[in-house]
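I opened the model to see how the chain is built. My notes follow, in the order I looked things up.

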Amino acid sequence: MCLAIPGKILEIEVVDNVRMARASFGGIVKQVCLEYTPEVEPGDYVLVHVGFALNRIDEVEAAKTYKALAELGQLEELQIPGFQEQNNETAKGGTDDILG
């Protein structure tokens with residue numbers, strides 16, 4: 001089954017004419033493509049599948065999704081060594097306590 005994971009957009013930049021963002025996934029920060037979601041701004045939550053933000057969601061929906069995924073044990077892949085680009089303490093934009 002394919003899942004889209006909620007992420008909070010921390011900052012946006014254009015790389016090689018492609019709109020990209022740093023997004024926090026419960027404290028793990030990864031780069032995602034925003035080409036399918038041009039309306040997204042820093043602070044927004046998006047659903048991300050294979051590195052592409054598919055649509056914007058609100059914070060409440062993001063929290064519900066994280067809770068459901070945690071209950072199903074589907075968040076382990078975010079904890080794979082080497083998968084994490086940087087942790088939340090070093091991420092710009094402060095802490096992301098959605099899993100808290």
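**Overall layout**

I started with burial: buried residues make up 38% of the 100 residues in the chain. For this, buried means under 20% relative accessible area, exposed means over 50%, and partly exposed is in between (1.4 Å probe, protein chains only). The model is predicted, so I kept its limits in view: local features need pLDDT of at least 70, side-chain atom pairs count only at pLDDT 80 or more, and totals for chains, interfaces and linings use all residues. Residues are numbered from 1 along each chain as its sequence is written, and side-chain values use heavy atoms, with hydrogens and water left out.

I listed the elements next. The chain has one helix and five strands. From the N terminus on, they run β-β-β-β-β-α. Helices (H or I, at least four residues) and strands (E, at least two) are DSSP runs, numbered from the N terminus.

I then checked contacts, meaning heavy atoms within 4.5 Å. Among contacts between residues at least 6 apart in sequence, 45% join residues at least 24 apart.

**Helix H1**

H1 covers residues 59-71, 13 residues in all, and reaches 18 Å from first C-alpha to last. That is close to the 18 Å expected at 1.5 Å a residue; the expected span is 1.5 Å times one less than the number of residues.

Which residues of H1 are buried? They are Ala-62, Thr-65, Tyr-66 and Leu-69. These four sit on the same side of H1 because they cover an arc of only 100° around the axis. The arc is taken from the directions from the helix axis to the C-beta atoms. On the other side, Val-60, Lys-64, Lys-67 and Glu-71 are exposed.

I asked what the buried residues of H1 pack against. The partners are strands S1 (5-15), S2 (18-25), S4 (45-49) and S5 (52-57).

I looked at both ends of H1. Asp-58 caps the N-terminal end, with a side-chain oxygen 3.3 Å from the backbone nitrogen of Val-60. I count a polar contact as a pair of N or O atoms within 3.5 Å; within protein, one must be able to donate a hydrogen and the other to accept it, and residues adjacent in sequence count only if both atoms are side-chain atoms. After H1 comes Gly-73, with a positive phi near 70°.

**Nonpolar core**

A nonpolar core here is a set of buried Ala, Val, Leu, Ile, Met, Phe, Trp, Tyr and Cys residues joined through side-chain atoms within 4.5 Å. The largest one has 14 residues. Ile-9, Phe-25, Val-32, Leu-34, Val-46 and Val-48 have the most contacts inside it. S1, S2, S4 and H1 each supply at least two residues of this core. S2 gives the most, with three.

**Aromatic pair**

Rings of Phe, Tyr and Trp (its six-membered ring) pair if their centres lie within 6.5 Å; planes under 30 degrees apart count as stacked, over 60 as edge-to-face, and the rest as tilted. By this rule I get one aromatic pair. Tyr-36 and Phe-52 form it, tilted, at 5.5 Å centre to centre and 35° between the planes. Tyr-36 is in the loop between S3 (28-33) and S4, Phe-52 is in S5, and they are 16 residues apart. Tyr-36 is exposed at 57% relative accessible area. Phe-52 is partly exposed at 32%.

**Loops between strands**

I moved to Glu-35, in the loop between S3 and S4. Leaving out residues up to four places away in sequence, Glu-35 touches Asn-17, Val-18 and Arg-19. A polar side-chain atom of Glu-35 lies 2.7 Å from the backbone nitrogen of Arg-19. Glu-35 is partly exposed at 42% relative accessible area.

Asn-17 is in the loop between S1 and S2. Asn-17 has a positive phi of about 65° although it is not a glycine, and it is exposed at 74%.

Val-50, in the loop between S4 and S5, also is not a glycine and has a positive phi of about 45°. Val-50 counts as exposed at 67% relative accessibility.

**Arg-56**

My last stop was Arg-56 in strand S5. Arg-56 is partly exposed at 43% relative accessible area. What does Arg-56 contact, leaving aside neighbours within four places in sequence? The contacts are Glu-39, Val-40, Asp-44, Tyr-45 and Val-46. Arg-56 and Glu-39 are 17 residues apart in sequence, and their C-alpha atoms are 8.4 Å apart.
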